[in-house]
Amino acid sequence: MPAGVMIPARNMPSMMSGNGTFTGFGTSSGLTLGQIMFQPNNMMEGQLHPLEMTQNTSESTEIARMRDEEFDSTTKSGSENHEGASGDDQNPRPKKKRYHRHTQHQIQEMEAFFKECPHPDDKQRKELGRELGLEPLQVKFWFQNKRTQMKTQHERQENTQLRTENEKLRADNMRYREALSTASCPNCGGPTAVGQMSFDEHHLRLENARLREEIDRISAIAAKYVGKPVVNYPLLSSPVPARPLDFGAQPGTGEMYGAGELLRSISAPSEADKPMIIELAVAAMEELVRMAQVDEPLWITSFDGITSVLNEDEYIRTFPRGIGPKPTGFKCEASRETALVIMNHINLVEILMDVHQWSTVFSGIVSKASTLDILSTGVAGNYNGALQVMTAEFQVPSPLVPTRESYYVRYCKQHAEGTWAVVDVSLDNLRPSPTLRCRRRPSGCLIQEMPNGYSKVTWVEHVEVDDRGVHNLYKQLVSSGHAFGARRWVATLDRQCERLASVMATNIPTGDVGVITNQDGRKSMLKLAERMVISFCAGVSASTAHTWTTLSGTGADDVRVMTRKSVDDPGRPPGIVLSAATSFWLPVSPKRVFDFLRDENSRSEWDILSNGGAVQEMAHIANGQDTGNCVSLLRVNSANSSQSNMLILQESCTDRTASFVIYAPVDIVAMNVVLNGGDPDYVALLPSGFAILPDGTTNAGGLADDGSGGSLLTVAFQILVDSVPTAKLSLGSVATVNNLIACTVERIKASLSCENT
């Protein structure tokens, strides 16, 4: 047996049979302690090298051979290695184990070799063991322990160094805190509140942006906050009340619309609410996908063979949990619509998950929206798994239809490659409100990738609403579900996708007269027209951001007016702005009304401000397949010299569910800048125009091409009555605007009645 290998006698009986032969040693999972050579004087405290369990096959073979040699030598001369081994069974007292210690010469030689080569191979270990009188395995274990010792020493040194640096930083931090606590203001000598000024400034900037967007969602200053949701400072809270009409106590003041008590009181969810919100969103996503894909018996085809009607009994059986039973007095509106739109699925998801882009694309439906909290931004750099708590106000472009306020969570999920879904579901159970008038059951869309950059969109809209505040004129349209239904969402999305495609178009035909071919000029003009449309839609509805006053006793009982100040807004002329709007029914199809109002050749028949002058189209940009979807720049050739240089920016847009003709006078110099690609945000606009909806009598509920069905027409004007914001509104100004809108309505009715006969 090699010199120095010691096998403790206490380990022998368990491995020895009654006849003195060794049994079971070949299957032992460990080596004897005598085979592991420790050097206590050179080891760190508490550091013993355990056997590595990842030895290779050759090492295992060598270990087995060492075992056999050791046990053979033990059976031959056990007395050479142990004292009193023969009496081990008779003496129960354990005897102290004696271990071999390397000589000073062996340690010095191995340490010298370690400095040159800390990882010797098999050949080097054998050569070193032969020179020092050690087995190669002993040499191997010494080097392993030495490497562990060096690593531990290095880590301890690093820890000591880091601890020293940490203490230094902590001392510096305490010194700075003490200096700040004793700092004084250089101006007044009083104590300072460090950080308070920057926080207040940031808070005021957010508040300023919120108020500007509520007053007018298209101002240039608010545009700087694009894509930055104001968390915990909702855009819909605390709207600025409209300035009351200051013309004395007249008996003509009538009904006043509310100021959004529901959304005003809503704040971001608490930490305790978030698990419940996540669970609700996941269940809503599963419900939406089934609602979008399953047909009968959940959806039943109506008599016209086109629209689908939700089977409410089957819905309750299929989704028994949901968000609870329908509130008393509420009506169910459920619809589903599918369309192919010219936009890829990635861009569609981005529009739906960005509150600014979403409210811009659907400006005719969404009067205002805000992200209260973002619970998840998604994974892998996209919106898969994105979860955000939102508030929104949904509208019909008429002051006669109350808006629908909703507090909900929006959840986005990728179901397969090229297939996404975005779902909304109300969170009203978390914030019960007595003023609740609308609940969104799982609603949203399923988006599927199609060839050539198209996407298939299946939209599901499912709400429960108290519609008792709707004017009788719009009752049939709203009750049919088409005023807020899936068809309107999909039709608007389809039209806006065409508009966005026209913005990016580069193959513009140059042969047509008046077509704007300058790419930068096209983008600037379309951006200006977009701001004009958003301003009109936000100002014509019964939004809680402003208050309408109904004029009575003036011969026009349905005219509603409101006034507001415009100060320091580059996108709006400064002063007192008076808005007036009215809605009425026409026995003419929406398509005929739209074609009449958008045609510059028939403009003199209804536009009083043009004074009967001819209107000429100077430039236009087509932004859709329908010829009625375009942005135009018109010149009024009036005999009045003061109006001879007046230009009118007009956008006309139409789809199956609604049409708009919106216009605003613009300055020639400003428009030249825009047409050359300049910034359109600083062009002052006061948009006026028309919103045309079907009356709901047609089965499809949309714009009938066959001339059937009537129209619901909303006329709205914005007039700058005084350029001084502090001026008082006179009764004469209100009467002038009232006469203007009344005369316009009469002219439209007369012209269309003549055509109808």
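**Loops, helices and cores**

Trainee: Where does E296 sit?

Mentor: E296 lies in the loop between α9 (274-293) and β2 (299-301); helices (H or I, at least four residues) and strands (E, at least two) are DSSP runs, numbered from the N terminus. This is a predicted model, in which local features need pLDDT of at least 70, side-chain atom pairs count only at pLDDT 80 or more, and totals for chains, interfaces and linings use all residues. Residues are numbered from 1 along each chain as its sequence is written, and side-chain values use heavy atoms, with hydrogens and water left out.

Trainee: Is E296 buried or exposed, and why?

Mentor: E296 counts as exposed because its relative accessibility is 57%; buried means under 20% relative accessible area, exposed over 50%, and partly exposed in between (1.4 Å probe, protein chains only).

Trainee: And the peptide bond from E296 to P297, cis or trans?

Mentor: That bond is cis, with omega near 5°. P297 is likewise found in the loop between α9 and β2. As for E296 and L310, they are 14 residues apart along the chain, and their C-alpha atoms are separated by 9.3 Å.

Trainee: What is the phi of N452?

Mentor: Phi is near 60°, a positive value in a residue other than glycine. N452 belongs to the loop between β10 (443-449) and β11 (455-465), and it counts as exposed, at 72% relative accessibility.

Trainee: Changing topic, how do the axes of α4 and α5 cross?

Mentor: The axes of α4 (residues 122-132) and α5 (residues 136-181) come within 8 Å and cross at roughly 110°. Axes are lines fitted to C-alpha atoms, for helices over the stretch in contact, with angles from 0 to 180 degrees between N-to-C directions. The two helices are therefore roughly perpendicular, a label for 65 to 115 degrees. R125, K126, L128 and G129 of α4 make the contact (heavy atoms within 4.5 Å) with P136, V139, K140 and F143 of α5.

Trainee: How many residues does the largest nonpolar core have?

Mentor: It has 76 residues, and those with the most contacts inside it are W358, F362, F394, W459 and Y474. Such a core is a set of buried Ala, Val, Leu, Ile, Met, Phe, Trp, Tyr and Cys residues joined through side-chain atoms within 4.5 Å. Helix α15 (residues 519-540) supplies the largest share of this core, 9 residues. A second, separate core of 33 residues includes V593, F717, V745 and L752.

Trainee: What does F394 touch?

Mentor: Leaving aside neighbours within four places in sequence, the contacts of F394 include W358, R404, Y408, F484 and W489.

Trainee: How many disulfides are there?

Mentor: A search of the whole structure finds 0 disulfides, meaning pairs of cysteine sulfur atoms within 2.5 Å. C497 is buried, with a relative accessible area of 2%, whereas C743 is partly exposed at 39%.

Methods
Angles under 35 degrees count as roughly parallel, over 145 as roughly antiparallel, 65 to 115 as roughly perpendicular and the rest as oblique.
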